[in-house]
Amino acid sequence: MNLKLKRVVRTPYSEEIAVFDGDTRDENNQAVNIGKLEVHYLGDQIVGTLLLWQEFAQGYKSIHGPGSEETIDDLIDAILSEVAEPLGVPAEYGIEVYYPSVTNQLFISNYSGDPGEDEEEYDDEEYEDDSEEAGEDDESAPGRDDDYYRKLTNRP
């Protein structure tokens with residue numbers, strides 16, 4: 001996987017970072033967003049939250065099945081290494097990891113100005129709620145018929 005991290009927001013002591021899979025492209029030939037990371041830099045450690053979209057996690061499990069040496073834990077370690085390895089950043093971290101549905105993720109603001117001018121939604125299309133855990137081999141399970149899953153699994 002070609003992991004790409006893009007800083008979305010930065011303050012003196014925190015960042016919001018979008019996580020992309022550079023090997024998987026959407027219909028606009030853009031890297032697919034697989035999650036986001038929010039980190040807060042304290043004096044001696046990093047704390048935060050890593051969200052990996054449920055649709056990606058399900059697709060990852062089916063692509064890298066039981067016989068694969070690569071696990072989702074390896075991916076999480078790679079993401080956190082990108083954040084904790086630079087010089088001047090604490091090496092110790094405590095990060096909570098969640099697998100919510102990307103369909104439930106959006107950004108809402110009350111910024112002044114034109115409506116929608118500063119709003120950014122993370123998903124552009126409406127999908128059904130995929131909050132139930134899908135079985136790895138069940139093609140009719142929730143989330144298996146959406147566009148995101150098809151891009152991850154290279155299915156038509």
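Biologist: So, by class, what lines the second largest pocket?

Modeller: Keep in mind that this is a predicted model. The lining of that second largest pocket has eight nonpolar residues, five charged and two polar.

Biologist: Which residues lie nearest its centre?

Modeller: Those are R7, E15, I17, Y41 and V83, out of 15 lining residues. The elements giving two or more residues to the lining are β1, β2 and α2.

Biologist: Which of the elements gives the largest share?

Modeller: β1 does, with five residues.

Biologist: And how much space lies in there?

Modeller: About 250 Å³ for the second largest pocket.

Biologist: OK, switching to the sheet. What's the strand order?

Modeller: β1-β2-β3-β4-β5, in an open sheet of five strands with mixed pairing. β1 (3-11) and β5 (93-98) are the edge strands, each with a single partner, so one side of each has no neighbour in the sheet.

Biologist: How much are neighbouring strands turned against each other?

Modeller: By 20° on average, ignoring direction.

Biologist: Back to β1. How does it run relative to β2, parallel or antiparallel?

Modeller: Antiparallel, and eight bridges join β1 to β2, which covers residues 14-25. As for individual residues, T11 stands opposite S14 in β2.

Biologist: Last one: where does α2 lie?

Modeller: Helix α2, residues 72-84, lies across β1, β2, β3 (31-41), β4 (46-52) and β5. The angle between α2 and β4 is about 135°.

Conventions. Residues numbered from 1 in each chain as written. Predicted model: local features only at pLDDT ≥ 70, side-chain atom pairs only at ≥ 80, totals over all residues. Heavy atoms only, no water. Pairing = 2+ DSSP bridges. Helix = DSSP H or I, 4+ residues; strand = E, 2+ residues; numbered from the N terminus. Axes fitted to C-alpha atoms, helices over the stretch in contact; angles between N-to-C directions. Contact = heavy atoms within 4.5 Å. 1 Å grid on protein atoms, 1.4 Å probe; cavity = no way out; pocket = protein on both sides within 12 Å on 5 of 7 lines; lining within 4 Å. Points joined across faces, edges and corners; volume = space filled by probe spheres on them. Nonpolar A, V, L, I, M, F, W, Y, C, P; charged D, E, K, R; others polar.
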